[in-house]
Amino acid sequence: MAPEYILETTGLSKNYGRIHAVRSLDLAIEKGGVFGLLGPNGSGKTTTLGMLLGVTVPSAGSFRWFSEDDSASQRRRIGAILEKPNFYPHLNAWKNLVLVAMIKGVPRDRISAVLERVGLYERRFDKFRTYSLGMKQRLAIASALLADPEVLVLDEPTNGLDPQGIADIRRLVREIGDMGKTIILASHLLDEVQKVCTRFAILRRGELIHQGRVDDDFSEKIVVEIASVNGERLTEVLSAHGSLLSLEKGEERVIASFKQGVTMEEIGSYLFEQRIALTHLALVKKNLEEQFLEIVEKSK
Ligand SMILES: Nc1ncnc2c1ncn2[C@@H]1O[C@H](COP(=O)(O)OP(=O)(O)OP(=O)(O)O)[C@@H](O)[C@H]1O
Ligand SMILES: [Mg+2]
């Protein structure tokens, strides 16, 4: 079955004078899951999302949401947080969302559900200005969810948050993705995209240099090919290693997968300590950064 696309762009471009912020972007985003737009500062992520949300006028190219031409009803199917959330500081979360519900023409009875969804229900009567940065960001997500959109667009939702706040937002994004909504998330953090997203695209200087599945391109495992004169003893010793994930026995070599963080040096010295005479030891899969650099290299 052909995939259903929630968004397609064709030659989408934006110039600011002589700056090519986005260069002829051809993106196709499938329905469902969390899509990561990964790129360093200034690579054109916000400009791209701005065009898709109708706040930035493209210089060239086009895009289609839900395989339809642009219409007002379409916009209601998209929830977004582009800029810093704008709430009234002296009002509590509940009242702020009542105002948003009025503007969006959404029934008020959605408010409790979205506050619960983002874990702010207990704190709903506290003033917005007393909220932590992470709570403010979660309220912004609640607000974007009010009209029950099919797509949620988030621009760097974990920027400026502490590790706990980052973990909370990432979990929330994954949970919203699991609810069947499609999420488009811009991030400059490789590990964020790897942890949160199912599919991703890499932008560099406004150009799309790669599109793929996170599972295919980034696996957290360290995979090593090992051979020894005594194969039986080798598998025995490897099986006893605390970070071993799996072991595949070949004719002459075994393929061992280890948890991320394990290094070749560690594996080598572990086997040496166990008196295994190696005839072969080679890295098959690389760590996250190495895998990323490989993708970037290939695109050159
Ligand atoms: N309103 C504007 N006027 C002029 N140049 C702009 C404007 N907005 C963006 N740019 C330029 O376009 C390029 C892409 O910027 P953009 O904000 O889209 O990048 P980004 O990937 O979102 O970066 P960041 O990770 O820092 O948020 C940059 O060179 C930026 O300076
Ligand atoms: Mg940006």
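With 23 C-beta neighbours inside 10 Å, Ala201 counts as buried in this predicted model, because the threshold for burial is 20 or more other C-beta atoms within that distance. Ala201 belongs to strand β9, and, when neighbours within four places in sequence are set aside, its contacts are with Leu27, Leu37, Leu38, Leu208, His210 and Gln211. Between Ala201 and Ile276 there are 75 residues in sequence, and their C-alpha atoms are 43 Å apart in space.

The strand that holds Ala201, β9, is part of an open sheet of six strands, arranged in the order β6-β7-β8-β4-β9-β10 with mixed pairing. The edges of this sheet are formed by β6 (78–81) and β10 (207–213), each of which pairs on one side only. Between neighbouring strands of the sheet the average turn is 15°, with direction ignored. Helix α5 (residues 133–145) packs on the sheet, where it touches β6 and β7 (151–155), and the direction of α5 makes about 160° with that of β6. Within the sheet, strand β4 (residues 33–38) and strand β9 (residues 199–204) run parallel and are joined by four bridges; Phe35 is placed opposite Arg199 of β9.

Ligand 1 is surrounded by Tyr16, Ile19, Ala21, Gly39, Asn41, Gly42, Ser43, Gly44, Lys45, Thr46, Thr47 and His188. By class, this shell comprises three nonpolar, eight polar and one charged residues. At least two residues of the shell come from each of β2 (19–25) and α1 (45–52), and α1 gives the most, with three residues. Helix α1 is itself largely enclosed by the rest of the structure, since eight of its eight residues are buried; these are Lys45, Thr46, Thr47, Thr48, Leu49, Gly50, Met51 and Leu52. Just after α1, Gly54 adopts a positive phi of about 80°.

Strand β14 pairs with strand β11 (residues 222–228) in the antiparallel sense over five bridges, and Glu225 stands opposite Ala282 of β14.

At the level of the whole chain, the domain assignment gives domain 1 (1–77 + 150–218), domain 2 (85–146) and domain 3 (222–284). The centres of domain 1 and domain 3, taken over C-alpha atoms, are separated by 39 Å. The chain contains eleven helices and 14 strands, and its C-alpha atoms fill a box of roughly 75 × 45 × 40 Å along the principal axes. Of the 300 residues in the chain, 33% are buried. Among the contacts between residues at least 6 apart in sequence, 70% join residues at least 24 apart.

How values were computed: Residues are numbered from 1 along each chain as its sequence is written. Chains are lettered from A and ligands numbered from 1 in the order in which they are written. This is a predicted model: local features need pLDDT of at least 70, side-chain atom pairs count only at pLDDT 80 or more; totals for chains, interfaces and linings use all residues. Two strands pair if DSSP finds at least two bridges between them. Axes are lines fitted to C-alpha atoms, for helices over the stretch in contact, and angles run from 0 to 180 degrees between N-to-C directions. Two residues are in contact if their C-beta atoms, placed from the backbone, lie within 7 Å. A residue is near a molecule or strand if its C-beta atom, placed from the backbone, lies within 6 Å of it. Ala, Val, Leu, Ile, Met, Phe, Trp, Tyr, Cys and Pro count as nonpolar, Asp, Glu, Lys and Arg as charged, and the others, Gly among them, as polar. Domain bounds come from an automatic or database domain assignment. A residue is buried if 20 or more other C-beta atoms lie within 10 Å of its own, exposed if 12 or fewer, and partly exposed in between; C-beta atoms are placed from the backbone.
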